[in-house]
Amino acid sequence: MMPPAETILSVENVAVHFGGLVAISDMTFSVSRGEIVALIGPNGAGKTTAFNVITGFLKATSGEVRYRTAVLNGLKPHEISRLGLVRTFQRTSVFQENSVFHNVMIGLHTRGRSKLWDTLLGTSRERESERELVNAALEILKFVGLEHRTTTLAANLAYGEQRLLGVALALAAKPSMLLLDEPVSGMNATETARFVKLVEKIRDAGTTILLVEHDMQMVMKVSDRVVVLNYGRIIAEGAPGQIQNNPEVIRAYLGQRKKRA
Ligand SMILES: Nc1ncnc2c1ncn2[C@@H]1O[C@H](COP(=O)(O)OP(=O)(O)O)[C@@H](O)[C@H]1O
Ligand SMILES: [Mg+2]
């Protein structure tokens, strides 16, 4: 028998109200260590809101979010990422004027140290760890497949490569769990296929993944489990195959297409 899965993230009875609007009501789900879980749903379902609550960018009106042993309610985004729960942003948030390599170095620096004086004085211990940072940066860039772009300005990267750099920056923070907000939106099929491989590689290296995504095909390919939101409520949860054939899920997505037409 398989050992019972260890819950790493749990969202319990979370509600988010914006004035009179209920963006999320009574949302409960969890993610186990090593899983790739996708949060999907039609436009306006509450996916981004859920993401923002988990990562501390929004306050839950009620309910609780826990990561390992910590209650996240009330923590600031940087406090949450220091616990190992790290996110990427829907819009790329790389440093456009810097080289790819420099971007990752900045990421590593903001994680590692605030010992300004050590850096200014350049003690040998500091130089040693600077060399370690350089190696770590190169390793991360190799991992995401940007090693041939180290000297390129971030602004000059192709769109898909910019998203890879966003992931590299997130990885520089040493996440035990990575949250991806619509990672393949705007990517072409080749870039998407490459990104799916990267997500699997990140998981295989020991990082748990929660992603919010519109691209159904991508979600069905990459996820172990899918959680479906509609009008702020979870309407289905299960393996990709089960979700694809769930009548309520199909209705929710068809309803959206009708509204758009
Ligand atoms: N800051 C906000 N103020 C008011 N309403 C919001 C705000 N953010 C989101 N909403 C509303 O909450 C609902 C869920 O939005 P969102 O989480 O962005 O959905 P999704 O990401 O699934 O498309 C929508 O009805 C949206 O209009
Ligand atoms: Mg959204």
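Strands β3 and β9 run parallel in this predicted model. Four bridges join them. β3 covers residues 36-40, and β9 covers residues 225-230. Within this pair, Ala 38 stands opposite Val 226 of β9.

**The sheet**

Both strands belong to an open sheet of six strands. What is the order of the strands? It reads β6-β7-β8-β3-β9-β10. The pairing is mixed. β6 and β10 are the edge strands, and each pairs on one side only. From one strand to the next, the twist averages 20 degrees.

Helix α1 packs on this sheet. There α1 touches β3, β7, β8 and β9. The direction of α1 makes about 150 degrees with that of β7.

Here are the residue ranges of some strands in the sheet.

| Strand | Residues |
|---|---|
| β3 | residues 36-40 |
| β6 | residues 85-87 |
| β7 | residues 177-181 |
| β8 | residues 208-212 |
| β9 | residues 225-230 |
| β10 | residues 233-238 |

**The ligand shell**

Which residues lie around ligand 1? They are Phe 18, Leu 21, Ala 23, Gly 41, Asn 43, Gly 44, Ala 45, Gly 46, Lys 47, Thr 48 and Thr 49. Which element gives the most? That is α1, with three residues.

By class, the shell has four nonpolar, six polar and one charged residues.

So much for the parts; α1 links the two topics. Helix α1 packs on the sheet, and α1 also gives the most residues to the shell around ligand 1.

Methods:
Residues numbered from 1 in each chain as written. Chains lettered and ligands numbered in written order. Predicted model: local features only at pLDDT ≥ 70, side-chain atom pairs only at ≥ 80, totals over all residues. Near = placed C-beta within 6 Å. Nonpolar A, V, L, I, M, F, W, Y, C, P; charged D, E, K, R; others polar. Pairing = 2+ DSSP bridges. Axes fitted to C-alpha atoms, helices over the stretch in contact; angles between N-to-C directions. Contact = placed C-beta atoms within 7 Å.
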